[in-house]
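The following paragraphs lead the reader through one protein structure. Please keep the sequence and the three-dimensional view at hand while reading.

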Amino acid sequence: MKRIVLTGGGTAGHVTPNIALVPRLRQLGYDIHYIGSYTGIEKQLIEALDIPYYGISSGKLRRYFDVKNFSDPFRVVKGYFEARKILKKLQPNIIFSKGGFVAVPVVQAAKSLHIPVIIHESDMTPGLANRMAIPAATKVCCNFPETLSSLPEGKAVLTGSPIRRELHDGNRLSGLKFCSFSADRPVLLIIGGSQGSVAVNRAVRGILPELLKTFQVVHLCGKGNLDASLNDTSGYVQYEYIQKELPDLFALADVVVSRAGANAICELLDLRKPNLLIPLPSSSSRGDQILNARSFEKQGFSKVLMEDAITPELLLSSILELYQNRQTYITAMEHSDAGDAIAKITALIEEIA
């Protein structure tokens, strides 16, 4: 039996592309295993799929001063030896890494054991974890054409980002029932990312009375970000995180407000959902979401609003304008040449394994 180890974690964006590959890998006869952190979001998501899960020690290499910078390198070293022990036991044919710092010791351990590795980079430019892992990789898949010039020649492959097939299986009526919404009013879906966004949550709630004059609002606000004072607000529902019902919520949504993580925006493109992107500012990130958003804006797929430019009036007018011009965005997305990333990546896995 062919055996593959998937790895990646820290945020849902480092896990969901791996999950998207699982059905096809199973069809191809792969025995699938997963290496992630001890308690990261990936553990919960992967174990729900009945995939054997192995937790290892992981640390984060920060670009800023933090006391943990002194201890985290030791966690990474510990993770390397834990990953090496697991890989020696499993003896996989290949590793597929979606990135995040937990993947670095796994990729390095695979290199030491001469196990081929495929890495996937979703953002326009490789993040620090993937930059550290790329020298050990056999191939590096990427999402944007602009990324090819940032990757080693001979390793780079433009594949796009794998999207979960079940996202297309949503049912609008089921979404209406789940949210207790009426069928005669448009629905606005707010996605703050798996870790939530304080700035987006605050901005949306600040104009909620005005939004509810036009829309019914579904708000995915992230863990610990529920506002109990809004629980009984008619036409508004809030959830920390949604998994099983997410396809129904996408089917329900007429327009979407979202952060600009690469996987999130590729899902919106694949589902042809008109969207307003509010990328993480460069002050709290390496600026990758801004690059992602600008690329989608240039292609006509998205409307973009920078976080530091948000005012209640501008946010409201941007959402209303998006809704009024939604067909323009849908048409642009329908003409996208984004291909079948799952087919491309699994074909590469088959070739190398």
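A residue is called buried when its relative accessible area is under 20%. The model shown here is predicted. Ala12 has a relative accessibility of 10%, and therefore it counts as buried. Ala12 is placed in the loop between β1 (2-7) and α1. Along the chain, Ala12 and Asp254 are 242 residues apart, and their C-alpha atoms are separated by 23 Å.

The next stop is the nonpolar interior. In soluble globular proteins, nonpolar side chains tend to be buried together. The largest nonpolar core of this model has 61 residues. Which of them touch the most other members? They are Leu188, Leu211, Val217, Val218, Leu220 and Ile319. The element that gives the most to this core is helix α10 (residues 262-271), with 6 residues. Apart from this core lies another, of 24 residues, which includes Tyr54, Leu87, Ile119 and Cys142. Not counting residues up to four places away in sequence, Val217 touches Phe181, Leu188, Ile190, Leu208, Leu211, Leu212, Gly235, Tyr236 and Val237. Two of the residues named here, Leu188 and Leu211, also belong to the group that touches the most other core members.

The buried residues are Ala262, Asn263, Ile265, Cys266, Glu267, Leu268, Leu269 and Leu271. What covers them? The covering elements include the helices α1 (16-27), α9 (246-252), α11 (288-298) and α13 (326-334), together with the strands β11 (255-258) and β12 (275-277). Just after the helix, Arg272 takes a positive phi of about 60 degrees.

Within α10 lies Cys266. Its relative accessible area is 9%, so Cys266 is buried. Leaving aside neighbours within four places in sequence, Cys266 is in contact with Asn143, Ser161, Ile163 and Phe296. Cys266 and Gly29 are 237 residues apart in sequence, and their C-alpha atoms are 27 Å apart in space.

Cys221 is in no disulfide, and the nearest cysteine sulfur, that of Cys179, is 13 Å away. The relative accessibility of Cys221 is 0%, and for this reason Cys221 counts as buried. A disulfide would require the two sulfur atoms to be within 2.5 Å.

Is Asn130 buried or exposed? Asn130 counts as buried because its relative accessibility is 5%. Its side chain makes a polar contact with the side chain of Glu121, at 2.8 Å. The side chain of Asn130 also reaches the backbone oxygen of His120, at 3.3 Å. Not counting residues up to four places away in sequence, Asn130 touches Gly99, Ile119, His120 and Glu121. One of these residues, Ile119, is a member of the core of 24 residues.

Notes: Residues are numbered from 1 along each chain as its sequence is written. This is a predicted model: local features need pLDDT of at least 70, side-chain atom pairs count only at pLDDT 80 or more; totals for chains, interfaces and linings use all residues. Side-chain values use heavy atoms; hydrogens and water are left out. Buried means under 20% relative accessible area, exposed over 50%, partly exposed in between (1.4 Å probe, protein chains only). A polar contact is a pair of N or O atoms within 3.5 Å; within protein, one must be able to donate a hydrogen and the other to accept it, and residues adjacent in sequence count only if both atoms are side-chain atoms. Contact means heavy atoms within 4.5 Å. A nonpolar core is a set of buried Ala, Val, Leu, Ile, Met, Phe, Trp, Tyr and Cys residues joined through side-chain atoms within 4.5 Å. Helices (H or I, at least four residues) and strands (E, at least two) are DSSP runs, numbered from the N terminus.
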